[in-house]
Amino acid sequence: MASTLESTTDNLSKLDIDGGFANSAPNLLKNLSTLSFEQIELAKMLTEMGQSHLFEQWAEPGVDDEEKKAFFDQVARLNSSYPGGLKSYIKTARELLTDSKAGKNPFDGFTPSVPTGESLTFGNDTFINYEQEGVKEAKNAAFVLVAGGLGERLGYNGIKVALPAETTSGTCFLQNYIECILALQDASCQLTQECKEIPFAIMTSDDTHLRTLELLESNSYFGMKPTQVKLLKQEKVACLDDNDARIALDPKNKYRIQTKPHGHGDVHSLLYSSGLLKTWHDTGVRWVLFFQDTNGLLFKAIPAALGVSATKQYHVNSLAVPRKAKEAIGGITKLTHADGRSMVINVEYNQLDPLLRATGHPNGDVNCETGYSPFPGNINQLILELGPYLEELKNTGGAIKEFVNPKALLALTEYLVQLKCSRMILYKDSTKSSFKSSSRLECMMQDYPKTLPPSARVGFTVMDTWLAYAPVKNNPEDAAKVPKGNPYHSATSGETAIYRANSLILRKAGVQVGDPVEEVFNGQEVEVWPRITWKPKWGLIFSDIRKKVGKNCSISEKSTLVIKGRNVFLEDLSLDGTLIVDAVDKAEVKVEGSVQNKGWTIESVDYKDTSIPEEIRIRGFKINKIEQLEKNYNEPGKFSLKP
Ligand code: UGB
């Protein structure tokens, strides 16, 4: 006992403190003798920051000592992973919660207006030129996928990037993304004769890290070199119980702090602190492209958007689509302050309506005469020029302005509230001091431009929704409640949007593609187009696709077409059924004549039917493979596929 007392006295004297800090936490005081120098330092910081309650239920020394050690391990992690440590986290939280309680609008003093940016039309000369420019620049690009989110709204048990983007080929999102990056890498190399590997970083979290790694490893990184892929894991942040930012304990373990994700904004500090940005910069990377976990259309928009960035020399280019009022995507907005400052920034969907109402638009977030909101919808696909980005991060360390999500800001429709209720603060009573369930600070990657000087070139590029955006975010029940005319953002709409986009692209290239039929799956009305899919290396940009299809091709509505080879040319194909063509890169295959068979049909399934795998039933349909013509070309050479 004497030696323990000595070590405590020793520890305290080293800290130049008398242990008085622990008087507010008697159970901590009793345990001081068992703590290390570092643990006492952390305990001191916590008590000084008003967190003595964390020790209230601590047992006597000698009981649960391992758990107490684990508690401090967790505190040390939370402290080191947040810029400025836990002290700074608690301080910022207090400020933001005070503002929230007072109902202070984060946009006070700013007036919103509709900004100007580049608006593209798929397939015209401007679009084609931008695509060419984008492919040229791709050799200088690096991609960053933010995939740390739990996908609470989707309610899917696996990681979202493992979900099939479409079930005709069964390609999952991650495979699709990697194959698109590799196709871009090849195309850029061919066009410029300068061949570089495009780096790919994935931000994961404790919820997704191991499963993402496993998905990559068990599939040989989907053809990418493992050294080309870098996983960066974000840490969670402490949850808070009340307006004094009292840290919440895990309801199931009195020695553990409850934590939740901090948001996709962590990506900037992780890229910076890991040294990855500097490495990329030193190896000649010029563009960093950020994207989200489940948008199967995304890479149809990337080449042209990158072309816009390069041509306009944008430091920041946000990809956008026309937005329906109250749709759960942020609005790109020009904000002008009374003091003359102005910026073009995403205003998150729960903030746009109150901001508009507060600035002379009594109807808030509503559609204009076009049937869309005048503010383009942010799809969180950002292209940043690395040089200026790195310079900015040298100042900020990548810290992004955070927010708390109080209910006061969430007016809007019932449907939006339902979708996002997991992230907003519900106060216990009208004193607005404690919360019904714990909350935390969050940050968003699209808030990066908020700290930029007015001289920064911040722009955006709008493309058609059918081409660029079909995320999978909502579970079948919530999706079925989405008001008519608004997008479902479900697995059903995500998959059918891919068939629609591919059909429309082939139509634009001159193929006669059958009209879609209206169907209802999981309570959602969708258009079902022919199930056309291709590997990214077959058709990355429109000019390539045009070269690969002849003028006399037709594909009926009931058809399925799967193209897996790079050099497959549709000459005079008349397809009424299912055709699958696979070929090695050096096999050139001309597809001619009429293919007719019973094909693959789509059958409704109920999302409540647990005999069907979850990744299928969340779509509300499955594919019945009845009859198909399947041809494989494994040798180099010239071939003709003529049934
Ligand atoms: N994500 C992380 O990597 N870490 C986190 O801690 C949280 C998320 P959501 P939400 O484009 O549709 C965004 O939850 O709320 C990843 C934009 O803010 O899908 O719908 C996660 O894995 C909004 O402006 O985002 O809103 C996923 O890949 C609008 O653009 C991504 O972050 C909207 O997306 C997005 O997470 C949209």
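Helix H17 is the biggest contributor to the lining of the second largest pocket, giving 4 residues. Here a pocket is an open set of points on a 1 Å grid over the protein atoms alone, with protein on both sides within 12 Å along at least five of seven lines, and lining residues have an atom within 4 Å of a point. Helices (H or I, at least four residues) and strands (E, at least two) are DSSP runs, numbered from the N terminus. The model is predicted, so local features need pLDDT of at least 70 and side-chain atom pairs count only at pLDDT 80 or more, while totals for chains, interfaces and linings use all residues. Residues are numbered from 1 along each chain as its sequence is written, and side-chain values use heavy atoms, with hydrogens and water left out.

Back to that pocket: its volume, meaning the space filled by probe spheres set on grid points joined across faces, edges and corners, is about 670 Å³. Its lining takes in 24 residues, and Gly 485, Asn 486, Pro 487, Tyr 488 and Arg 500 sit nearest the centre. Two or more lining residues come from each of helix H15 (465-468), helix H17 (491-508) and strand S20 (524-528). Sorted by class, the lining has 11 nonpolar, 6 polar and 7 charged residues; Ala, Val, Leu, Ile, Met, Phe, Trp, Tyr, Cys and Pro count as nonpolar, Asp, Glu, Lys and Arg as charged, and the others, Gly among them, as polar.

A cavity is a set of points where a 1.4 Å probe fits but cannot get out, and the structure holds 8 of them of 30 Å³ or more. The second largest cavity has a volume of about 60 Å³. Among the residues lining this cavity are Ser 318, Ile 332, Leu 382, Gln 446 and Phe 460. Strand S14 (342-347) and strand S17 (458-462) are the elements that give two or more residues to this lining. The class count for the cavity lining is 7 nonpolar, 4 polar and no charged residues.

Two helix pairs are worth a look. The axes, which are lines fitted to C-alpha atoms over the stretch in contact, with angles from 0 to 180 degrees between N-to-C directions, come within 6 Å for H6 (residues 125-137) and H11 (residues 298-312) and cross at roughly 85°. H6 and H11 are therefore roughly perpendicular, a label for angles of 65 to 115 degrees. Their contact (heavy atoms within 4.5 Å) includes Phe 127 and Tyr 130 of H6 and Lys 300 and Pro 303 of H11. It divides into 8 nonpolar, 3 polar and 5 charged residues.

For H9 (residues 266-273) and H13 (residues 386-396), the axes come within 11 Å and cross at roughly 90°. His 268, Leu 271 and Tyr 272 of H9 meet Tyr 389, Leu 390, Leu 393 and Lys 394 of H13.

Finally, Cys 189 and Cys 195 form a disulfide, with sulfur atoms 1.9 Å apart; the cut-off for such a pair of cysteine sulfur atoms is within 2.5 Å. The torsion about their S-S bond is about 60°, so this disulfide is right-handed.

Conventions:
Angles under 35 degrees count as roughly parallel, over 145 as roughly antiparallel, 65 to 115 as roughly perpendicular and the rest as oblique.
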